[in-house]
Amino acid sequence: MKDKLNTVKTVLCAVFAAGCAVLGFFFWDASDRAGSLLEENDALREQLSVTQSDAKNAAAAASELQKQVDEMTAQIDELNSRLEQAAQSGADTGAAGPMVYVTPSGSRYHNEGCQYIGKRAVQMPLADAKEAGYTACAKCE
């Protein structure tokens, strides 16, 4: 009976030791997975921080570009106004001298019949075009 009891003790100790080894493996595996997840979490947080910083920089750049667009729009509006005034004041072509054609977005003036006259060209006196900073196109020089 004593031998049977020792055998049972030995078997129980072996089972207990095996159980502890299995539990140790599971604990080690869970700990390893937790460590990997923490590293991944840290990497994602860093990516998020960089992305947020990039978004702030992009917003600032977009704001600056919008300011430039607004300034250019105001300049175009001013040039359109000047063109309209010049066209209205140049109704008497005899008194104003030779007439040329200009566009609000261009920097050149064109003589009548020039192939480069734009669709939105407005007629104005040559003197007014030169005063507004327009120069002759290559064909009209």
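Predicted model: local features only at pLDDT ≥ 70, side-chain atom pairs only at ≥ 80, totals over all residues.
Student: Hi! What elements does the protein have, and how many of each?
Tutor: Hello! There are 3 helices and 4 strands. From the N terminus on, they run α-α-β-β-β-α-β.

Student: How much of the protein is buried?
Tutor: Of the 141 residues, 15% are buried. The accessible surface comes to about 11000 Å², and carbon and sulfur atoms account for 58% of that surface.

Student: Which residues make up the largest nonpolar core?
Tutor: That core has 10 residues: Leu 83, Ala 86, Val 100, Val 102, Tyr 109, Met 124, Leu 126, Ala 129, Tyr 134 and Ala 136.

Student: Let's zoom in on Ala 86. What does it touch?
Tutor: Leaving out residues up to four places away in sequence, Ala 86 touches Met 124, Pro 125 and Asp 128.

Student: Now S1. Which of its residues are buried on each side?
Tutor: Met 99 and Tyr 101 are buried on one side, and Val 100 and Val 102 are buried on the other. Both faces of S1 are therefore covered, given that a residue is buried when its relative accessible area is under 20%.

Student: How does S1 pair with S3, parallel or antiparallel?
Tutor: S1 and S3 pair in the antiparallel sense, over 4 bridges.

Student: Which residue in S3 stands opposite Val 102?
Tutor: That is Val 122, which is found in S3, residues 122-125. With 24% relative accessibility, Val 122 counts as partly exposed.

Student: How far is Val 122 from Pro 104?
Tutor: In sequence they are 18 residues apart, and in space their C-alpha atoms are 8.3 Å apart.

Student: What about contacts across the protein, what share join residues at least 24 apart?
Tutor: Among contacts between residues at least 6 apart in sequence, the share is 57%.

Student: Moving on to Thr 103: where is it, and is it buried or exposed?
Tutor: Thr 103 sits in the loop between S1 and S2. It counts as buried because its relative accessibility is 16%.

Student: What is Thr 103 in contact with?
Tutor: Apart from neighbours within four places in sequence, Thr 103 is in contact with Leu 83, Gly 118, Arg 120, Ala 121 and Tyr 134. One of these, Leu 83, also belongs to the largest nonpolar core.

Student: Where does His 110 lie?
Tutor: His 110 lies in the loop between strand S2 (108-109) and S3. His 110 is buried, with a relative accessible area of 10%.

Student: Which residues does His 110 touch?
Tutor: Not counting residues up to four places away in sequence, His 110 touches Val 100, Tyr 101, Tyr 116, Ile 117, Cys 137 and Cys 140.

Student: Last one: are Cys 114 and Cys 140 buried or exposed?
Tutor: Cys 114 is buried, at 9% relative accessible area. Cys 140 counts as buried too, at 11% relative accessibility.

Methods:
Residues numbered from 1 in each chain as written. Heavy atoms only, no water. Core = buried A, V, L, I, M, F, W, Y, C linked by side-chain atoms within 4.5 Å. Buried < 20%, exposed > 50% of the residue type's maximum accessible area, 1.4 Å probe, protein only. Contact = heavy atoms within 4.5 Å. Helix = DSSP H or I, 4+ residues; strand = E, 2+ residues; numbered from the N terminus. Areas by Shrake-Rupley, 256 points an atom, 1.4 Å probe, with all protein chains shown as cover. Pairing = 2+ DSSP bridges.
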